[in-house]
Amino acid sequence: MKPLAGALPSLLLRLLLTSTPGALGTNPGLVTRITDKGLQYVAKEGSVALQKELLRITLPDFTGDFKIKPFGRGHYEFHRLSIHSCELRDSALRPLPGQGLSLSISDSFIRVEGEWKVHKAFVKLHGSFDVQVKGITISVSLVLGREPSGRPTVTASGCSSHIQDVEVDISGNLGWLLNLFHNQIESKFRRVLESKVCEMLQKSVTSDLQPYLQTLPVTTEIDSFAGIDYSLMEAPRATAQMLDVMFKGEIFSRDHYSPVTFLAPVMSLPEQHDRMVYFAISDYVFNTASLVYHEAGYLNFSITDDMVPPGSNIRLTTKSFRPFVPRLARLYPNMNLELQGAMASAPFLNFSPGNLSSTPLMEIEGFVLLPSSVREPVFRLGVATNVSAMLTFNTSRITGFLKPGKIQVELKESKVGVFNVELLEALLNYYILNTLYPKVNEKLAEGFPLPLLKDIQLYDPVLEIHKDFLFLGTNLQYKRA
């Protein structure tokens, strides 16, 4: 990966969002915020990348004629100039409200080496020289935007570079040649180097940084059922001390798109600055996921007699039901039963300070398996439970775990008379605890990825549950290739 792309951006656009409504009056589903601490880390990494780029700058030859007493007229050449070393010392990246970011570098140093040649008539002299360029300052504005596709953009604007001091060491201790450099070459050398620095910066933003920002995912596959939409809802927004970017954060079906009938909530982000970046992930993200998996029938299930544990007090046969549903046994003697369950609606997560919960409602229909293989519906149950949830962070993904409570079963409809559902409640509780929830938790353990640029790693996370959103604070590290 190329330099600027490898640092500045790398951290730049990847974290960000606030609680401000996005386009079309809707709110972002996911908000990432880079704090001043994060911006200064980006600036530091950016300086490392820029130092490598500066070493690639090519400088022109400086030639001309001179007239110096007592030598008279002659011709000089300062050629094969190359930047031997450089050090960008003090760098800072600050929000530029209404535009994006301002990068400034000061108190920096460049060492240039080259060769000199002088000739007058048949006399020729040559040697080497060394230029110490001190007190270099560089500033540039990084204007952040958004493509129609929802990808981020960046352009460089208003670049300026200034050199405070130039010291020259010329082999041979030729004082007249040193004076020649200061009088005829230094000002042009300054202008050329200052121009080359900005030219390099502009090129790096266009050729390296902008393509690198394209590595920020717009849509990401989660599994065979779902993907997540991480398109930007508007251009990244710079405020007084941070950079905010709004992502849609909607999980969608990969088979077909269905418009979501609810909006993301307005999130009121805490004023925290201990970590480099904060992610605010609203309940909208999790609940659009629930909607997708519900519509895909992921939580549907069926229970047949061969799935009932051997030691169970009840079997899924009409004979086993005889003591408490005698009519069922008379109408359908010695036949098997099947229970088919589904969520009455997509189970949504409820976020409250320090707490995550859900109250899923299930509908279960009981069928008699007739000899003709036809399923005959005979009763319908309603099942309610309270579920507590836990969300965790795993390297780059948000993962989860559900801890179900005891279920409550209610007989909603029966074609074989009213009966006590306690034994069925025990059977359903066993199945849900040992089969259904482990299946759901296995899926939650896979989690979904956060929107990250290439080669960014997160560490030292802190998770908080707030009203309507999960708040994740973390530090970040750019993984150099």
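In which strand is Gly 400 found? Gly 400 belongs to strand S22, residues 397-404, where helices (H or I, at least four residues) and strands (E, at least two) are DSSP runs numbered from the N terminus.

The model is predicted, so local features need pLDDT of at least 70 and side-chain atom pairs count only at pLDDT 80 or more, while totals for chains, interfaces and linings use all residues. Residues are numbered from 1 along each chain as its sequence is written, and side-chain values use heavy atoms, with hydrogens and water left out.

**Overall form**

The protein contains seven helices and 26 strands. Its radius of gyration is 35 Å, whereas a compact globule of 481 residues would have one near 23 Å; the radius is taken over C-alpha atoms, and the globule rule is 2.2 Å times the number of residues to the power 0.38. Along the principal axes, the C-alpha atoms fill a box of roughly 130 × 40 × 35 Å. The accessible surface comes to about 22200 Å², and carbon and sulfur atoms account for 50% of that surface; accessible areas come from the Shrake-Rupley method with a 1.4 Å probe, and for residues only the protein chains shown count as cover. Of the 481 residues, 51% count as buried. Among contacts (heavy atoms within 4.5 Å) between residues at least 6 apart in sequence, 69% join residues at least 24 apart.

**Crossing of H3 and H4**

Helix H3 (residues 36-54) and helix H4 (residues 175-213) have axes that come within 11 Å and cross at roughly 115 degrees. Such axes are lines fitted to C-alpha atoms, for helices over the stretch in contact, and angles run from 0 to 180 degrees between N-to-C directions. Leu 50, Glu 53 and Leu 54 of H3 make the contact with Val 197, Met 200, Leu 201, Ser 204 and Asp 208 of H4. By class, this contact has five nonpolar, one polar and two charged residues; Ala, Val, Leu, Ile, Met, Phe, Trp, Tyr, Cys and Pro count as nonpolar, Asp, Glu, Lys and Arg as charged, and the others, Gly among them, as polar.

**Selected residues**

The table gives relative accessible areas, with buried meaning under 20%, exposed over 50% and partly exposed in between (1.4 Å probe, protein chains only).

| Residue | Relative accessible area | Class |
|---|---|---|
| His 79 | 11% | buried |
| Gly 400 | 14% | buried |
| Pro 333 | 42% | partly exposed |
| Arg 80 | 61% | exposed |
| Asn 334 | 67% | exposed |

His 79 lies in strand S3 (residues 72-87). Neighbours within four places in sequence aside, His 79 is in contact with Asp 61, Gly 114, Glu 115, Trp 116, Lys 117 and Phe 129. Strand S3 also holds Arg 80, whose phi is near 55 degrees, a positive value in a residue other than glycine.

With neighbours within four places in sequence again left aside, the contacts of Gly 400 are Met 390, Leu 391, Thr 392, Asn 441, Leu 444 and Ala 445. Between Gly 400 and Phe 419 there are 19 residues in sequence and 38 Å in space, C-alpha to C-alpha.

Pro 333 is placed in the loop between helix H6 (326-331) and strand S16 (336-343). Pro 333 and Gly 135 stand 97 Å apart in space, C-alpha to C-alpha, and 198 residues apart in sequence. The loop between H6 and S16 is also the place of Asn 334. Phi of Asn 334 is near 50 degrees, again a positive value in a residue other than glycine.
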